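Hi everyone, thanks for coming. Let me put the structure up, and then we can walk through a few parts of it together.

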Amino acid sequence: MLEVRDLSVSYGPVQALAGISLEVREGEIVALIGANGAGKSSLIHAVAGLAPAAGGKVSFRGEEVLGLPSHRIFRRGIALCPEGRMVLGGLTVEENLKLAAPGRRSFADLYELFPRLGARASSRGASLSGGEAQMLAIARALAREPELLLLDEPSLGLAPNAVQAIFALLPQLRDRGLTILLVEQNLVQALRAADRAYLLESGRIARQGPAEALLGDERIVERYLGLEQEA
Ligand SMILES: Nc1ncnc2c1ncn2[C@@H]1O[C@H](COP(=O)(O)OP(=O)(O)OP(=O)(O)O)[C@@H](O)[C@H]1O
Ligand SMILES: [Mg+2]
């Protein structure tokens, strides 16, 4: 469904990605893991048309999307749920959703998936808990019915029960036909949720394979668990 070939991203003199290739097949949950600054967000931003690609190819359903403006990429069915959630605090939950999908009349299906958001539809974004704000960020990304969801660090900074709720949601989304590229620093949870995974180190892919195989590799788990605890 998504094919990335030799993708490079640079911010002026800083090279964030040095020729990355990966693929996401329809119906998969693919995890992209790695330490702070490894280039995870740069990769999904480049796919979404939001980071400066210096070279390479990105095709979605066989068509090149690299270089298209982000709104056209979103229209083809790729949605980004950004790191940090970016919920608008002065607007209500429903207003946040309307802004993402102005043509929509009803958000009932999203409230069914996220009952907590339904209960808080008229509450301001600023009053939401971290877990609720993350749910809203995901609901907003889903509001235009994408086929591929780029999900950047959904568990970051959340309380343990909210983290569990986010990871429990992923298979439900997949059951609804969504394909997911999940960026996470929460290595163990991400690998448990994913079918396959790529480990990024300093802008390159250091390991790839079935999520189970990476989860079974003690060197990876020990190294990155240590980093998680320091963070
Ligand atoms: N807008 C930018 N301008 C300059 N450098 C940037 C910019 N965004 C990212 N970088 C640099 O690119 C590299 C990769 O950053 P990126 O945000 O993609 O990493 P990440 O894996 O998502 O990290 P994190 O876990 O902290 O979110 C880092 O060295 C970072 O400092
Ligand atoms: Mg990031």
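Before we start, a word on pairing: two strands pair if DSSP finds at least two bridges between them. Strands (E, at least two residues) and helices (H or I, at least four) are DSSP runs, numbered from the N terminus. What you see is a predicted model, where local features need pLDDT of at least 70, side-chain atom pairs count only at pLDDT 80 or more, and totals for chains, interfaces and linings use all residues. Residues are numbered from 1 along each chain as its sequence is written, while chains are lettered from A and ligands numbered from 1 in the order in which they are written.

Let's begin with the strands. Strand β3 (residues 29-33) pairs with β9 in the parallel sense, over 4 bridges, and A31 has A197 of β9 as its bridge partner. On to β10 (residues 204-210): β9 pairs with it in the antiparallel sense over 6 bridges, with L200 partnered by I205. β9 and β10 form a hairpin with 2 residues between them, and S202 in the turn has a positive phi of about 45°.

Now helix α1, residues 40-47. Is it buried or exposed? All 8 of its 8 residues are buried, so the rest of the structure largely encloses it; buried means 20 or more other C-beta atoms, placed from the backbone, within 10 Å of the residue's own. Just after α1, G49 takes a positive phi of about 80°.

Finally, which element gives the largest share of the shell around ligand 1? That is α1, with 3 residues.

How values were computed: Buried ≥ 20, exposed ≤ 12 C-beta atoms within 10 Å, placed from the backbone.
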